[in-house]
Amino acid sequence: MVETHDIVRPPAELSAALAAIGSATASAELSRMGIRSAFIRGPVSVTPGVRVAGPALTLQFLPKREDLYPVDEYAEPEKQLHRHVMYHAQPGDMIIVDARGDMGSGVFGEMMLTYFKGRGGAGVVIDGCLRDTGEAKKLGLGLWIRGATPNFHAQTDIVPTAVNVPVACGGTLVEPGDIVVADDDGAVVVPVKLAPALIAVAQEHAEWEEFSRIRLSEGGDLRRYYPLSDEARPEYEKWRAEQGRAQTRWATPGGLPSRQSPS
């Protein structure tokens with residue numbers, strides 16, 4: 001009997017806050033925190049406008065060897081580990097698949113994704129392909145993939161070999177339980193231990209960008225408002241006060257804002 005382990009899930013509020021932040025800001029702020037690139041290269045969104053974040057259930061594929069894996073799509077289904085990753089699904093989860101960039105195997109199809117959606121799953125990131133892609137896009141899940149194929153998961157060159165282990169998806173390490181933020185720009189992996197600090201700086205970043213966006217839309221000077229210059233800070237603080245937001249002290253050189261406690 002196949003047994004696979006579940007993940008340790010971070011607090012749901014971390015995922016919700018990261019979803020609001022988005023992948024671009026998450027990637028930039030992680031870079032400033034020392035994570036050079038958390039971007040999963042290769043998979044792109046086929047569900048435009050969807051933005052989600054959730055803990056990673058991981059699935060690993062390796063090259064196929066026919067004497068070790070059944071060839072038939074439905075042969076001994078409970079030995080097929082791409083099913084077992086879905087058995088762990090809880091509301092808000094993401095499935096992250098290291099499919100080796102393979103373009104011939106459809107990791108999941110409509111039926112399995114329907115099950116994942118019914119379990120409350122939020123999205124799937126695959127360094128590889130889906131099958132039944134047209135129907136899959138109607139399910140309401142977020143889908144980030146390299147492409148589509150009519151082939152089933154083990155029809156050609158790869159087979160699923162492990163569930164909820166560290167994987168390399170698009171060349172990026174994903175640990176089970178990491179929070180993955182995904183939207184139209186792609187998918188970014190956030191280590192759970194860095195999530196609270198990332199959220200704090202990213203929310204501050206989003207706030208001054210909101211102000212700058214308004215000024216730029218009014219014809220304001222790019223040099224003054226993006227990034228926010230020292231000269232524009234009093235104007236920004238006044239705007240924040242008018243919005244009913246707390247006052248900010250600035251201590252970051254180069255015109256980039258950072259929040260500090262008032263003295």
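Colleague: Let's start with helix H8: what covers its buried residues?

Modeller: In this predicted model, the cover over the buried residues of H8 includes H6.

Colleague: Which residues of H8 are buried, and how do I read their placement around the axis?

Modeller: For H8 (residues 233-242), the buried residues are Arg233, Tyr236, Glu237, Trp239 and Arg240. They lie on the same side of H8 because the arc they cover around the axis is only 160°. Pro234, Lys238 and Glu242 are exposed on the other side of H8.

Colleague: H6 came up there. How does helix H1 cross H6?

Modeller: For a helix pair, take distance, angle and handedness together. The axes of H1 (residues 12-21) and H6 (residues 195-217) come within 10 Å and cross at roughly 35°, and the crossing is left-handed. On the H1 side, Leu14, Ala17, Leu18 and Ile21 make the contact; H6 contributes Ala195, Pro196, Leu198, Ile199, Ala202 and Gln203. By type, these residues are nine nonpolar, one polar and no charged.

Colleague: Where is the cis peptide bond?

Modeller: Omega is the angle to check. The bond joining tyrosine 226 and proline 227 is cis, with omega about -5°. Proline 227 sits in the loop between helix H7 (222-225) and H8.

Colleague: And which residues other than glycine have a positive phi?

Modeller: Two cases to look at: arginine 100, with phi near 65°, and aspartate 132, with phi near 55°. Arginine 100 is in the loop between strand E4 (94-98) and helix H4 (110-118), and its 48% relative accessibility makes it partly exposed. Aspartate 132 is in the loop between strand E6 (129-130) and helix H5 (133-136).

Terms used
Residues numbered from 1 in each chain as written. Predicted model: local features only at pLDDT ≥ 70, side-chain atom pairs only at ≥ 80, totals over all residues. Heavy atoms only, no water. Axes fitted to C-alpha atoms, helices over the stretch in contact; angles between N-to-C directions. Helix = DSSP H or I, 4+ residues; strand = E, 2+ residues; numbered from the N terminus. Left-handed = near helix turned anticlockwise from the far one by under 90°. Contact = heavy atoms within 4.5 Å. Nonpolar A, V, L, I, M, F, W, Y, C, P; charged D, E, K, R; others polar. Buried < 20%, exposed > 50% of the residue type's maximum accessible area, 1.4 Å probe, protein only. Arc of directions from axis to C-beta.
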